[in-house]
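Please keep the sequence and the coordinates in view while reading.

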Amino acid sequence: DEYVLLITHADGPNLTQDAGGFGLLSIVQYFANIAQQDRPRTLAVMLDSQHFTPHRHMDDWYAMHPEIVERIIATIGVEHLGQREYVERGTRFVQSGLPETTIIFVQDNDRLIEGAIEGVKAFAVPRTMVQSPPRGGQGNWSGMSDVAVKKNYPGYGISTNMSAYWSTRAGIDTFDKNLFVKQVGLAAHLTGVLMTLSVEELALPADD
C-alpha cells in the first residue's frame, strides 16, 4: 500500500494557528465518501504536537514509525486556513476587509504545478499564489509545507501570509468560513492529485 501523508500541527496558541486540523478532518471526510476500491492510495494523518516546542522536534516521528514512512510516496502540509487579513492603521491593528493571501507551495514537477493551478481556478480561492521554491526565485517553503522538501517527497503545502500570526486573541471573529470552505476544496483537490498520479508522474528531478 502507498500512503499520502497529510500533516498539520495541533499545538498552536489560537484559531489562526490551529485551523489546519479542521482542514485535515474535512479532507478525510471527503475521501471517506469515495468507495475504497476507487481510492488508489491510503491517507495517513500526522498531527505535529511539537511545532511550538522549544528546540522543537526532539522526538523524530519519522524514525519512530519506519513502517509508515517506508510507504509514503507524497505529502501535503495544511495550516492557517480561513484567515482574514489584518493591517496596521495608525496605532490600531484591524481587519482590512480582505481574505488573507493563500499560498500553495509545490514541488518541482509540472504535473503537480498544473494540478495546483487547476484547483485554484476550480474552487475560486481569492488572492492565491502558486509557488515552486525549488525552481528558484519563488520564495521559500514555509511551516508544515516544508516536510515535502526536507524529506524530498513529491507534494504540496497550503498556508497563508498570516498577518495576525502571533495574536493570542485570534478567535472565531478572525475566521472566514467561506474562505475556509474554498481552501478545503482546494486542499482536497491537491490530495486527489497526489492520490491518482502514478509514481512516475510524481517523480522529482534528479539532484545535479
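The model is predicted: local features need pLDDT of at least 70 and side-chain atom pairs count only at pLDDT 80 or more, whereas totals for chains, interfaces and linings use all residues. Residues are numbered from 1 along each chain as its sequence is written, and side-chain values use heavy atoms, with hydrogens and water left out.

One of these bridges joins Arg127 and Glu85 at 3.2 Å, N to O. Arg127 lies in the loop between helix 5 and strand 7 (128-131) and Glu85 in strand 4 (residues 84-89), 42 residues apart; helices (H or I, at least four residues) and strands (E, at least two) are DSSP runs, numbered from the N terminus. Glu85 is buried at a relative accessible area of 14%, while Arg127 is partly exposed at 34%. Here buried means under 20% relative accessible area, exposed over 50%, and partly exposed in between (1.4 Å probe, protein chains only).

A further bridge links Arg111 and Glu201, whose closest N and O atoms are 2.8 Å apart. Because Arg111 belongs to helix 5 and Glu201 to helix 8 (residues 199-202), the pair ties together parts that are 90 residues apart in sequence. Asn109 is found in the loop between strand 6 and helix 5 and is buried, with a relative accessible area of 6%.

The interior comes next. In soluble globular proteins, nonpolar side chains tend to be buried together. The largest nonpolar core has 32 residues, of which Ile104, Leu112, Tyr156 and Leu194 touch the most other members; such a core is a set of buried Ala, Val, Leu, Ile, Met, Phe, Trp, Tyr and Cys residues joined through side-chain atoms within 4.5 Å. Helix 7 supplies the largest share of this core, nine residues. A second, separate core of 12 residues includes Ala44, Tyr62, Val69 and Ile72.

Gly155, in strand 8, is buried, with a relative accessible area of 0%. Among the residues that Gly155 touches are Leu112 and Leu194, contact meaning heavy atoms within 4.5 Å.

Methods:
Salt bridge = Lys/Arg side-chain N within 4 Å of Asp/Glu carboxyl O. Lists of a residue's contacts leave out its neighbours within four places in sequence.
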